[in-house]
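Subject: Structure handover

Hello,

Here is the structure we discussed.

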Protein chains: 4
Amino acid sequence: MSHNTFGHLFRVTTWGESHGPAIGCVVDGTPPGIPLSEADIQPWLDLRRPGQSRFTTQRKESDTVKILSGVFEGKTTGTPIQLQIENTDQRGRDYDDIKDKYRPGHADYTYDVKYGFRDYRGGGRQSARETATRVAAGAIARKILGDDVVIRGALIQVGPHEVDRNNWDWDEVSNNPLWCPDAHAAKQWEEFLDQVRKDGSSTGAIIEIVASGVTAGLGAPIYGKLDGDLAAAMMSINAVKGVEIGAGFQAATLSGEENSDEMRMENGNVTFISNNAGGILGGISTGQDVIVRFAVKPTSSILTPRKTVTKAGENDEIVTKGRHDPCVGIRAVPIGEAMMACVLADHVMRHRGQMG
Amino acid sequence: MSHNTFGHLFRVTTWGESHGPAIGCVVDGTPPGIPLSEADIQPWLDLRRPGQSRFTTQRKESDTVKILSGVFEGKTTGTPIQLQIENTDQRGRDYDDIKDKYRPGHADYTYDVKYGFRDYRGGGRQSARETATRVAAGAIARKILGDDVVIRGALIQVGPHEVDRNNWDWDEVSNNPLWCPDAHAAKQWEEFLDQVRKDGSSTGAIIEIVASGVTAGLGAPIYGKLDGDLAAAMMSINAVKGVEIGAGFQAATLSGEENSDEMRMENGNVTFISNNAGGILGGISTGQDVIVRFAVKPTSSILTPRKTVTKAGENDEIVTKGRHDPCVGIRAVPIGEAMMACVLADHVMRHRGQMG
Amino acid sequence: MSHNTFGHLFRVTTWGESHGPAIGCVVDGTPPGIPLSEADIQPWLDLRRPGQSRFTTQRKESDTVKILSGVFEGKTTGTPIQLQIENTDQRGRDYDDIKDKYRPGHADYTYDVKYGFRDYRGGGRQSARETATRVAAGAIARKILGDDVVIRGALIQVGPHEVDRNNWDWDEVSNNPLWCPDAHAAKQWEEFLDQVRKDGSSTGAIIEIVASGVTAGLGAPIYGKLDGDLAAAMMSINAVKGVEIGAGFQAATLSGEENSDEMRMENGNVTFISNNAGGILGGISTGQDVIVRFAVKPTSSILTPRKTVTKAGENDEIVTKGRHDPCVGIRAVPIGEAMMACVLADHVMRHRGQMG
Amino acid sequence: MSHNTFGHLFRVTTWGESHGPAIGCVVDGTPPGIPLSEADIQPWLDLRRPGQSRFTTQRKESDTVKILSGVFEGKTTGTPIQLQIENTDQRGRDYDDIKDKYRPGHADYTYDVKYGFRDYRGGGRQSARETATRVAAGAIARKILGDDVVIRGALIQVGPHEVDRNNWDWDEVSNNPLWCPDAHAAKQWEEFLDQVRKDGSSTGAIIEIVASGVTAGLGAPIYGKLDGDLAAAMMSINAVKGVEIGAGFQAATLSGEENSDEMRMENGNVTFISNNAGGILGGISTGQDVIVRFAVKPTSSILTPRKTVTKAGENDEIVTKGRHDPCVGIRAVPIGEAMMACVLADHVMRHRGQMG
């Protein structure tokens, strides 16, 4: 069972709500002897942190991580690592509006239906704040994978505006506040997002995560397939509505000739002429780049009044005020990278468990 | 761990290869007292069975299921149900061509890299034949869900050709051999597929599965979300490269106003004006139709020679002869329905386990 | 996988070392709406706390628990509950002696062999301090079970000295510092333990845990049997070397006539004339008292020098100084009760998950 | 969740009832490339088979195992192995007596309470017949462990009669029909059991399983401890009421000086002067023999009438006629060995998964 746990040999259990005293996670199964300190984790959290540009929520959280267990004399001991982040910006707000009214597109209604009531402060457990703990766990996963595996992510579409893949430059991603690999598109997006923000509206986005240097053979068919686990991992991120691998939905339109990635020997190594498979065949990595894409819906927290119902069962309207992201997809990039890292670390260990 | 098992309280473990003596699965956790016989399962298998039209492989398998345990005096006992299907069409073929050469787009190479060797007869464990056991398990899941939950699937795109949603008619699905809900599109597809078949080529497709009557409240955040489990379930089906819920990838292009599903009271019940969420918010069902879509790539078994490499590490070419589906997506519809049923049955039990 | 997690629907993940900043656990799967505050948990921790009599270690830990998540407006929300206990008595000791030498009977050597090194401060992760988090989790489990289920434990043997079951009085257990249900034996034990302590030695013990009011039907054959789960739960407690149910090892000496518990109807209810089964048949509860017994070895921390080896592979001797329990079994009673509560709570939820 | 599954990386799911068409199990996670055929498994099943002496039930089952998947060209492929055994001796008996009456000491009542009804033919799923599938799985586990690990079991007590450990001779175990390592005790037991049989009675027993050659470092604290998993594994065997490791319950009576196993270097290797720990410290193997003991109750199927109740809630009496073992402990030896093998194989893989 896995209500709040993911992974098998590399296993992460998260806890905490948006406006409780803290959030955190237990990372279990880490190999011993890996050098680890807060300094290895904090930079990744800083990348996800809100309030770094005008395009993300102005909530101010330092997101300072503390390691409370599992590390001794600077190295992992092989026992559970507790990572903890205090919630510092729990400003005394007025929640009366969302307490008894359901925000359309949010999980307010479903939490109430399932559990009978909910912690409505800042979204409680349904808040995307939980994803900070994934990013922290992902930092450990990266250390397990080592430097040969490089995991990078980018925003490739904002609203209707896609990047031009001819302009793709990984170095560009950190040059703009939008994780955009296409300098030209980045500018276009900034204008688009300024308008969205001005309108009190929001927009969806598509994120692409690429893992290079992944050894061939990872993934455990049939129900521990690498792509199956990646799909679950990405779909579990707040606001995600679709996941695809390699050619993804586009594969539906292709012919067998176009889609199959032909193979050649090169310097004694197996290579592929294309990568429609996204680095995975039969649920097992091929040694090519593992490519995952996921779509994030626009946040439903907008300034236009929306029709809704109250907990008491009356028709009403709601406007979601407060600090929000016009495009939650922006901050989803480091989260997607972290989930990729966690899934791969788990499969590295699962593979060597079975294979020796 | 779940190499070959899916689900938690409703739990299915599958086994078997395409050309071994049999395939099967163990279905564990079924509530006791449910009337069950082979006659409840066989019709669903018949829907998936190959060779029923010129658009699917001509392999002849009767796919006759036997219940070997867990049923007594016509009712489930609550103990494991073993479902078994003999492989009857293991014709003595010549596998020399695929034994030592990797079919591009197939899992031949990755199985060899992972396990060191593979059962190459008919694809062995990587064969889509395994999905017959899921369909059998799905029949039991449907009985757990009861008649109030209706699960239906349709092919909505074949190659570049989509259905026209204005023509959608569920009754049409069983009127044509392509699971097409649009009578007009069905005819178009038949012509298209005849050409594909004539060319010795293949094409991809998109399938939509809809579950109606699903009670609100199913799904266990954060890592047992209903959409997370559906994504893993669908992605684990052979040849699937993408999964989406509700508006899916389209949600990326929408504004917050367009995307959020407004709510109204109607006859004392909560209703939604639209269903971009696909019936799931925060990983929990809303009570609306649960809508999943997945993309299937074209099979890589085509008559055009493809560049490949041999097990011995030499460049070569391969042509996949034999009996194949021009569009494997056609037979994926009942499999997608079965996976939907299994995921929902598991979540019904998980929900009442926690909630009482 | 479950390195540091136990339970399925009621699921506890523990973390922390004896001398790190804190220890804690994540309790996942708790039904929503249960009133819960630190005041519900602290009394159970106080019962386990060291330093309450001259018979337990003089380490001073307040063991103050904090709830960091999963509770809102005084009630459980159904999301993960993080329980945390700061380590306050990490006095700056000299660990040079145990750093490089293995204490016989402790896990020093095996942790080093497995992980390559270990957190030697106070035993690190192998310390019985971890069991405080189980006691905290057990307090929540008791709330799930409700008042109809009463879980009580007692020490029934200290060294060679057994209680006389004719003197058994549950009320006596809290009247002496040794959890002894036999006032006469309690006095005898005090004398015995004073001598053990004076000698710088230690002694083993046997604990009995009884759960009354357990509904018939709990337990999931074959590998989720109630007794199987209880055996694993109790054996996982530090220093435990044996677990038995009902008549236990004594059953080996009985005849079929003596052992089988005959049945009678009484006021319309099924009753049993005896309870050699310890309330469990075929892995399922019978409705009688569930009775588990476990044996705890004497701690290996004694003042007599013992032959040992060093990390560097040299023969040596070791004396374990410092604050220790002459009989660790005394403090094992509330831990055994907590594990009983956790296993039962899990099975209550598993049962209703399958049965509805 | 694990109703009918045990193990994690080496994972066994069993199914089937005593009088259904067959029983079997799926063994998942086996490393690829291990030579395996029915001939590797059948000898272990033959050791457990009933009817081999006058001291076991006269039911005649050939217990012929078939491998239906997971093996290709004589070697494991790394995919699930389905092992199947047909039930051949389902003689048309009259079950009227046990259909509606509960046999005291059997699980008849608890199955009815839990599931509402039960397959009463030969005990259905509660029958010890299920253990044949564990023995089959254990044969595969032994192949994973390799020849360096030797697992042996013996009966060490029958009723009140213990072996004399001074007479212990492993070679003697196969020289008598009672798995007795003490030739003298074997004779005594034969006489005792003849009388038990003549009386239509039954007796309990204690079994000891020893694994030699187990590498130090296996076991995953805290909730995947080697002894915790062994306790669950042995307790899950039918009729087992107690499990102990090393000195076991005897440890309660020992002093710290007596109990702790002192250490010495010998030829550069760590050795222990005694083995009260039973080869496990802190849940991790020490490299010494792993020693587990378990107690089996006398079967409740006896010829003396016993008081019972009927399904309809009336007082009644029952005599269990038919073919039964006077001492079910005899046939438990190969089952205990198999469970030891399965637990160790799982931990070998778990260990290398985490440690590399």
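A rotation of 180° with 0.0 Å of shift along the axis superposes chain A on chain D, and the RMSD is 0.0 Å. That is the relation of a two-fold axis. The superposition is by least squares on C-alpha atoms of residues with pLDDT of at least 70 in both copies.

Some ground rules. This is a predicted model, in which local features need pLDDT of at least 70, side-chain atom pairs count only at pLDDT 80 or more, and totals for chains, interfaces and linings use all residues. Residues are numbered from 1 along each chain as its sequence is written, chains are lettered from A and ligands numbered from 1 in the order in which they are written, and side-chain values use heavy atoms, with hydrogens and water left out.

The A/D interface

Chain A gives 13 residues to the contact and chain D gives 13 residues; contact means heavy atoms within 4.5 Å. Of the interface residues of chain A, 100% are also interface residues in chain D, so the copies meet through the same surface. The two chains bury about 990 Å² between them, 58% of it on carbon and sulfur atoms. Buried area here is the accessible area (1.4 Å probe) that two parts lose on being put together, summed over both. The count of salt bridges between chain A and chain D is zero. A salt bridge needs a side-chain nitrogen of Lys or Arg within 4 Å of a carboxyl oxygen of Asp or Glu.

The B/A interface

Chain B is superposed on chain A by a rotation of 180° with 0.0 Å of shift along its axis, RMSD 0.0 Å. Here 107 residues of chain B are in contact with 107 residues of chain A. Chain B and chain A bury about 8500 Å² between them, with 60% of it on carbon and sulfur atoms. On the chain B side, B:Lys114, B:Tyr223 and B:Lys241 lose the most area to chain A, together 11% of what that side buries. Again the copies meet through the same surface, because 100% of the interface residues of chain B are also interface residues in chain A. The rule finds two salt bridges across this interface. One pairs the side chains of B:Glu262 and A:Arg306, at 3.8 Å from N to O.

Helix packing in chain C

Helix H6 (residues 226-235) and helix H8 (residues 332-355) of chain C have axes that come within 10 Å and cross at roughly 145°. Axes are lines fitted to C-alpha atoms, for helices over the stretch in contact, and angles run from 0 to 180 degrees between N-to-C directions. Helices (H or I, at least four residues) and strands (E, at least two) are DSSP runs, numbered from the N terminus. From H6(C), the residues in contact include C:Leu226, C:Leu230 and C:Met234; from H8(C), they include C:Met339, C:Val343 and C:His347.

Backbone points to check

Most residues other than glycine have a negative phi, and most peptide bonds are trans. Which peptide bond of chain B is cis? The one joining B:Pro221 and B:Ile222, with omega about 5°. B:Ile222 sits in the loop between strand E10 (205-212) and helix H6 (226-235) of chain B. In chain D, the bond from D:Pro221 to D:Ile222 is cis, with omega near 5°. B:Asp63 is not a glycine, yet has a positive phi of about 50°. B:Asp63 lies in the loop between helix H1 (38-48) and strand E4 (65-67) of chain B.

Best wishes
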